Amino acid sequence: MAAPEVHHLFHNPIADHSFSPDKSTLAVARDNSVELYEKSGSKFSLSDELKGHEKTVTGVDIAPSSGRIVTCSQDRNAYVWERTSSGWKPTLVLLRINRAATFVRWSPSEQKFAVGSGARVIAVCYFEEENDWWISKHLKKPIRSTITALAWHPNSVLLAAGSTDSHARVLSSFIKGVDTRPEPSAWGERLPFNTICGEYLNDSAGWIHGVSFSPSGNALAFTGHDSSITVVYPSAPEQPPRAMLNVTTRLLPFNSLVWNGENEIIAAGHDCEPYRLRGDESGWQLAGTIENKSGHGADTAREESALHMFRQMDLKGQTQADIQLKSTHQNTISTVRPYEETDGVLRKFSTSGVDGRVVIWTV
Amino acid sequence: MAQLNYRTINIDVLDPDSSINFPMDTLLPATLPAPTTSSAAAAVAGEVRQLLRGGDPEAALRHVLDTAPLGGDERAKEVHLAAVTEVLQGIRQGEMSRVLEGVCTGEGGAGRADCLMKYLYKGMASPVSNQTPRKSVSPQNTGFSQIQGRNLGEGGGGQQMSVLLSWHEKLVELVGTGSIVRVMTDRRTV
C-alpha cells in the first residue's frame with residue numbers, strides 16, 4: 001500500500017474540501033473564505049481566494065463537468081462561483097433560510113444542488129433561465145432539527161439527509177422542468193417533490209454526522225455520534241427496509257463516510273484515521289484501520305545526545321515531548337471524499353480535518 | 001387585573017418550533033421494550049439475588065442487564081439500579097475481568113456492555129442514599145440532564161464509587177470509548 005500523500009496547508013480547521021475533476025485545483029473552506037490551491041509539482045500552492053461570505057464557510061463543492069464552485073456559509077448565503085476572464089464571479093443564491101447553511105453538494109446531473117441548514121429545511125437550488133439566478137425550493141416536512149450532512153442518489157432526484165434529530169432520511173427533490181422522471185427503484189416509484197422515501201433511527205440515536213448512498217444507489221449508510229454505522233437496504237416503496245444493519249464500534253464517532261464498491265465503506269472522524277468496514281446484506285463488520293503506522297517514527301527522529309536529554313528534563317521535566325499522534329492526521333477528520341474511482345470502486349480517497357491537512361490515501 | 005411583567009415570560013415555551021418543545025420521544029426507537037413497573041423490577045432483583053447467592057455472578061449480571069427497564073418509569077429504574085449495584089458490589093475484584101468477558105461477548109453482548117456502562121454512569125451520578133437527593137440545577141427544562149448533586153466520596157458512598165470506577169476501567173478496556181459515547185447519545189435511559 002502506497003504511503004498517503006499529505007498536504008499540510010495551514011494551521012486552521014478545514015470545514016470542507018473539494019478537488020476539481022483533473023485534480024489540479026483544490027478548494028478548501030478556511031474561516032470566511034474559500035482558498036483555491038493549484039498543483040505545482042507534488043505540492044499545492046495558494047492561487048486564488050473566493051471572498052464574499054461574512055461568516056465561517058461550512059461547505060464547498062466543485063461540479064465535475066461544469067467546473068462551477070458552490071459554497072455555503074453560516075451567514076445564511078450560498079454562492080455559485082464561475083470562472084471568467086477577470087477571475088471568479090459569484091452569483092448569490094436565494095436560499096430563504098433564517099439560520100446558518102451547514103452543508104452543500106452538487107447533484108450528479110449538476111442541474112441542482114442541495115443546501116442543508118439550521119433552519120430545519122433543505123434548500124434544493126436550481127437555475128431559472130428567465131430571471132437569470134439560482135432559486136430554491138424547500139424540503140421541510142419531517143425535519144425536526146439542523147441538517148448536518150447530505151448525499152445525492154446517482155439519479156439526482158433522491159437526496160439523503162442526516163440531521164441532529166438523530167434521523168437519516170431519504171427524500172425526493174424532483175423538480176419539474178429540471179429533472180427527468182427517475183426510474184422506479186426500491187426507494188419509490190412516483191416521486192413528487194418532498195416524498196419521504198425512508199426515515200431511519202438508530203437504537204442508540206445520536207446526531208447524524210455523515211450519510212452516503214452506495215454506488216448503485218440501492219443502499220444507504222449513515223453514521224452518527226453514537227460511534228456506529230448503519231446500513232439500510234430498502235425493500236419496496238412504503239415497506240420497511242429489507243435489512244437495517246447497525247455496527248457499533250469501540251471507537252470515537254465518525255464524521256464522514258464513503259462507499260468503496262457495494263461491499264466496503266470507508267469512514268473517518270474523531271479517531272483521526274480512516275477505517276474500513278466490510279459486509280453485505282447479511283451483516284457488516286469493522287475491518288480495521290487504513291493507516292499504516294509502522295512507517296511513522298521517521299519524522300520523530302530527534303537529537304539524542306546526553307546534553308539534549310538533560311536540557312529537556314530541565315525544561316519540561318521529561319526527556320521526550322509526547323505531542324504527536326501516531327496517525328497522519330493530527331486532529332479530527334471532518335470530510336472524506338472519493339478522489340479517484342471507476343464505476344464506484346475507489347482507488348484513492350481524500351480526507352481533510354481540523355489540523356489543516358488534506359491527505360490523499362490509496363485504498 | 002394583575003400587572004403582567006412581559007419581560008419574564010418565557011416566550012420559547014410558547015413557540016412550537018422552539019428547541020424546548022422538541023419532541024424527545026421521537027428519539028426513542030420502535031424496538032423499545034414495553035414499560036415495566038417497580039414490582040417487576042423488584043421481582044428481578046429477587047431472582048438476581050438468588051443467582052448471586054447460588055455462586056453464579058456471571059448469570060446474575062447477565063440477567064440483570066437483560067431485564068433493564070428501558071421503558072419503565074422512574075421508580076422501576078431506581079429499584080433496578082439498586083439491584084445492579086448490588087450485583088456489581090457482590091463480585092470480587094479478581095473475578096471482574098472474567099465475568100465481564102462472559103457477559104459482553106456472544107449474542108447481544110455489545111448491548112449488555114452499553115447497558116452496563118449506562119448503569120455505571122447512573123450509579124456515579126446519583127446521590128448517596130443517606131443524603132437527601134438535591135434538586136437538579138438545570139436552569140431550563142430542556143429534557144437534558146445536567147449536573148446533579150454529586151457523591152463526593154464522603155461516608156459510605158466512597159466505597160460504592162470505587163467499585164463503580166474499577167468496573168468502569170475494566171469495561172473500557174474491553175469495549176472501548178465508543179460505549180461511553182453511546183451512554184451520552186442513547187435516549188433509552190436506565
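How many bridges join strand 22 of chain A to strand 23 of chain A? Five bridges join strand 22 to strand 23 (residues 264-269) of chain A, and the two strands run antiparallel. The model is predicted: local features need pLDDT of at least 70, side-chain atom pairs count only at pLDDT 80 or more, and totals for chains, interfaces and linings use all residues. Residues are numbered from 1 along each chain as its sequence is written, while chains are lettered from A and ligands numbered from 1 in the order in which they are written.

Strands (E, at least two residues) and helices (H or I, at least four) are DSSP runs, numbered from the N terminus. Two strands pair if DSSP finds at least two bridges between them. In this pair, Val258(A) stands opposite Ile266(A) of strand 23 of chain A. Four residues lie between the strands of the hairpin, where Gly261(A) takes a positive phi near 70°. Six of the six residues of strand 22 (residues 254-259) of chain A are buried, so the strand is largely enclosed by the rest of the structure. A residue is buried if 20 or more other C-beta atoms lie within 10 Å of its own, exposed if 12 or fewer, and partly exposed in between, with C-beta atoms placed from the backbone.

Chain B has eight helices and zero strands. Of its 190 residues, 28% count as buried. Helix 4 (residues 74-90) and helix 7 (residues 157-175) of chain B pack at an angle of about 80°, with axes 10 Å apart. Axes are lines fitted to C-alpha atoms, for helices over the stretch in contact, and angles run from 0 to 180 degrees between N-to-C directions. The two helices of chain B are therefore roughly perpendicular (65 to 115 degrees; under 35 is roughly parallel, over 145 roughly antiparallel, the rest oblique). Thr85(B), Leu88(B) and Gln89(B) of helix 4 meet Gln160(B), Val163(B), Leu164(B) and Trp167(B) of helix 7. These contact residues divide into four nonpolar, three polar and no charged. Ala, Val, Leu, Ile, Met, Phe, Trp, Tyr, Cys and Pro count as nonpolar, Asp, Glu, Lys and Arg as charged, and the others, Gly among them, as polar.

The contact between the chains takes 17 residues from chain B and 17 residues from chain A. Residues are in contact if their C-beta atoms, placed from the backbone, lie within 7 Å. Helix 8 of chain B gives the most to the chain B side, with five residues. By class, that side has six nonpolar, seven polar and four charged residues.

How values were computed. Two residues are in contact if their C-beta atoms, placed from the backbone, lie within 7 Å.
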